[in-house]
Amino acid sequence: MTEYSGRGDPARSLALLWRTRTQEPSSRKGKPELSVDRIVRVALEVADAEGLAAVSMRRVADALKVGTMSLYTYVPGKAELIDVMLDAVYAEVERPEDASAGWRARLEQVARQNWALYHRHPWMLQIATSRPVMGPNTIAKYDYELRAVAGIGLTDVEMDSVVSLVLGHVEGAARRALESAQAEQQTGMSHEQWWSAHAPLLEKVFDASRYPTAARVGAAAGEAYGAAHEPEHAFEFGLQRVLDGIEMLIERRAAKPGRRK
């Protein structure tokens, strides 16, 4: 089931994301029993271990050993909680500044950081972010990623588009990788076992002379990957081709100065 970021009440979501509340609610003993950070930390633990579908206000409250209604004093609801969870994991992305590295190396770094982030938190792929979370870590991450292509001759809109293109490739490749891993987990059958079971049956019905290109290329890919698909190769190959295309754009801009808008 797909969740959507940005579904919460705007005022309450932004107040929660930016922690504009000056004081945490206190218990009767005068000590804070809960905090937004603690609630989010436990929600992340649940999501990482059990998936996003397992995250609910009741499930998080149970993990914290408090009543469900106690959470609503700190977090308005699940929609806002998901936004804060996303913003929290975006803080994990390191942001080293290497002035000597070129734009391509910087974009590669951005891609690999996001690839690793999806693998640490696969539940992120279940959240549609067309309406982005406007939290401090989200914006800091976006600013850092834009700096990878700053000052190389692209327009502001092109900078945004280039970063979106790279991140879109990473998300798609990570989704395929997750699906591949889940196929083994859910079926209890490895890719090699699946192919061993299907290959003999396919040979009886498949006429290679009718589909010579598919037969040749499929055999070569299967031999190279040991499976029908190799997620790591797909990520690496696609990333380099995306960067090649960006390089062509940069070269065209350099050949036609004065068109920056």
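Guide: Leu 202 lies in helix α9, which covers residues 191-205. Please bear in mind that the model is predicted.

Visitor: Why is Leu 202 called partly exposed?

Guide: Its relative accessible area is 38%. Buried would require under 20% and exposed over 50%, so a value in between counts as partly exposed. Leu 202 also belongs to a nonpolar surface patch, whose members include Trp 194, Trp 195 and Phe 206.

Visitor: What makes α8 roughly antiparallel to α11?

Guide: The axes of helix α8 (residues 156-187) and helix α11 (residues 231-255) come within 9 Å and cross at roughly 170 degrees. Angles over 145 degrees count as roughly antiparallel, and therefore α8 and α11 are described in that way. Among the residues of α8 that meet α11 are Glu 158 and Val 162, while those on the α11 side include Phe 235 and Arg 253.

Visitor: How do you know that Arg 253 and Glu 158 form a salt bridge?

Guide: Their side chains meet with N and O 2.4 Å apart. The limit for a salt bridge is 4 Å, so the pair qualifies. Because Arg 253 lies in helix α11 and Glu 158 in helix α8, the pair ties together parts that are 95 residues apart in sequence.

Visitor: Why is Glu 158 called buried, and what is Arg 253 called?

Guide: Glu 158 has a relative accessible area of 15%, and under 20% means buried. Arg 253, at 23%, counts as partly exposed.

Terms used: Residues are numbered from 1 along each chain as its sequence is written. This is a predicted model: local features need pLDDT of at least 70, side-chain atom pairs count only at pLDDT 80 or more; totals for chains, interfaces and linings use all residues. Side-chain values use heavy atoms; hydrogens and water are left out. Patches are made of residues with over 30% relative accessible area and no salt bridge: like charges are joined within 9 Å, nonpolar side chains (Val, Leu, Ile, Met, Phe, Trp, Tyr) within 5 Å. Accessible areas come from the Shrake-Rupley method with a 1.4 Å probe; for residues, only the protein chains shown count as cover. Helices (H or I, at least four residues) and strands (E, at least two) are DSSP runs, numbered from the N terminus. Buried means under 20% relative accessible area, exposed over 50%, partly exposed in between (1.4 Å probe, protein chains only). Axes are lines fitted to C-alpha atoms, for helices over the stretch in contact, and angles run from 0 to 180 degrees between N-to-C directions. Angles under 35 degrees count as roughly parallel, over 145 as roughly antiparallel, 65 to 115 as roughly perpendicular and the rest as oblique. Contact means heavy atoms within 4.5 Å.
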